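Please keep the sequence and the model at hand while reading.

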Amino acid sequence: MKHLSSLNKYFWKYRWHFMLGFVFIVLTNYFRILSPQLTGYVVNTVVHSISASPAGTSQAEIRKGEKNYDYLVQQIIAGFEEKPENKILYAGLTLLILAIISGFFMFLMRQTIIVMSRHIEYDQKNEIFNHYQQLDSGFYKTHSTGDLMNRISEDVSRVRMYTGPALMYFINLAAVIGFSIFFMLKASPKLTLVALSPLPVLAIAIYFVNTIINKKSERIQSLLSNLTTNAQESYSGIRVIKSFVQEKAMLGFFKQNSEAYRDNALSLARTEAIYFPSMALLIGLSTLITIMVGALDVVRGVPGANVGQIAEFVMYIQMLTFPVSAIGWTASMTQRAATSQRRINEFLLTEPAIKNEPSPEKPELQGNISLTNVHFTYPHTGIQALKDFSLQVRKGEKVAVVGRTGSGKSTLAQLLLHMYEPQQGLVSFDGIPVNRIDLQSLRNQISYVPQDVFLFSETISNNIRFGMNEATEDDIKKAAIQASIHKEITQFAEGYQTLVGERGVTLSGGQKQRISIARALVKDPRIVIFDDCLSAVDARTEKEIIGNLYQYLNDKTAIIITHRIFSLFEFDTIVVIDEGRIVEQGTHAELIGQKGYYADMYARQQEQERESPSA
Ligand code: ADP
Ligand code: MG
């Protein structure tokens, strides 16, 4: 439960909603509680008009009983005319008015409490989303997207059930119990005891049954999520399934999941089927004994006992039924909300491993980059990706980084962007250690094309513009031309306004890569890092892009990670990495002379190009 206390800041923020809601709940119930008393009054009036001397109590005693009614009720009935017909008519009208007033306050109570819970939900989602964005790459590697999504949607909804309905029902319950028991005790302590005797049993029974129902619903929820994942994977993987002729196997798998879901749902339905009749039985029991005990008292002429009072009590029991049966529901909602809030807090309390120092520098980067004796191990896998890595890049230099897959090239790019922190050694820009530099400022001044392209479900134009709101259509077009993708874009019916992604056009790997390059080119900073971003582009287009890049990179510092050697491009240094270390370093001519890994790689590439001259 202590986890829910982190919601207090929101209750404080919306304290006026909360307090007004509280007042409205009390008023709703106050106007409702008056109707049993008026009804009792009407019944007594009727009983007296049919027989001059009814069994049990005399007229005078009934008058005395009316003193127990609420002050407002006493005022109202004092104003009625003496004729029984008129009394009944006026009482009926008053009952209607009371119901309308009470309904009006009920409307206001939902308007305040439920609205408050929606505000809290909104704030909470934003808080979580904002925090997610601060968290580092390491965090995202260790938590699944599904889990992150669940906490921001499902768990927040569950917390809302607590800040909204559960809270409202709880206050409502307290108000109903308070008012009705107060007036019941005033009217007849004995009958109160009789009427309330089954209620504790009811509350406890409801709580237990609710716990069972909740456990079953949770299980059903998780089975349903399995089923959805199962179905979703089958649809996205439909081509693989069909080409491997696995439709039957997939159906079998789906059926199995589906069956588990059905069986659990049936078991829940059984529990619920028992639940409602047993509740009705207990409430019926309470009504029954109240009528019996009350009627016996009237017949025996016990002082104060009268028929109207029985009617009044039966109505109190009716009014108590719903709030009491909601106790179990409220309790289990609160429990669930606490569990969800614990899950939410777990992430909110996760400090990003990489964040700004208290007063970071925001230097204008010139483009001098240095790595000195850097050691880096991926924290959760223990894979040592860079070992004693040193590299100096001067302003305006173009550096190529080559090496096998898994040699540590992308890791190098990640460290330069300060996505991770090396365990040893120093990464610095213009002599300023990277952890002294403001994260946003650093990343803003580097154009980075990641190895795996990600495009948003947006127009091509917006995908290229991403984050550069001031970029004009001309800038975008220019970048697309440089990335050799402009021609293909204009061939789409909607050109730059073509939608990308699930519901949009399907792009080839190479097209996506080039859009991703254009996105980096729109940005025009001094430092450029390209991570193997031409791997899916054919050799001819690659040459074209390289040619364009030559002008673009002119005075920029560039680190270009590649698996292919661009002999046309004159790099100041080429670095060959293997197993996290630099194994060769020099210009193209120097490395060819060394006859090492680079020379080998170049020879192989030349051979391939001879075999397929079109490239
Ligand atoms: P390259 O880009 O040269 O193919 P990487 O820098 O991606 O190589 O990977 C270097 C090593 O680090 C590999 O052994 C790879 O498995 C590992 N590695 C890469 N990224 C991660 C990660 N996010 N978490 C754990 N290990 C990683
Ligand atoms: Mg890589």
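## The setting of His-486

In which helix is the place of His-486? His-486 belongs to helix H17, residues 486-491; helices (H or I, at least four residues) and strands (E, at least two) are DSSP runs, numbered from the N terminus.

This is a predicted model, in which local features need pLDDT of at least 70, side-chain atom pairs count only at pLDDT 80 or more, and totals for chains, interfaces and linings use all residues. Residues are numbered from 1 along each chain as its sequence is written, chains are lettered from A and ligands numbered from 1 in the order in which they are written, and side-chain values use heavy atoms, leaving out hydrogens and water.

Is His-486 buried or exposed? His-486 counts as buried because its relative accessibility is 19%, where buried means under 20% relative accessible area, exposed over 50% and partly exposed in between (1.4 Å probe, protein chains only). The side chains of His-486 and Tyr-496 are joined by a polar contact of 2.7 Å, that is, a pair of N or O atoms within 3.5 Å; within protein, one must be able to donate a hydrogen and the other to accept it, and residues adjacent in sequence count only if both atoms are side-chain atoms.

## Ligand 1

A polar side-chain atom of Thr-411 lies 2.5 Å from an oxygen atom of ligand 1. Polar backbone atoms also approach oxygen of the ligand: that of Ser-407 at 3.2 Å and that of Gly-408 at 3.1 Å. H13 supplies the largest share of the shell around ligand 1, 3 residues.
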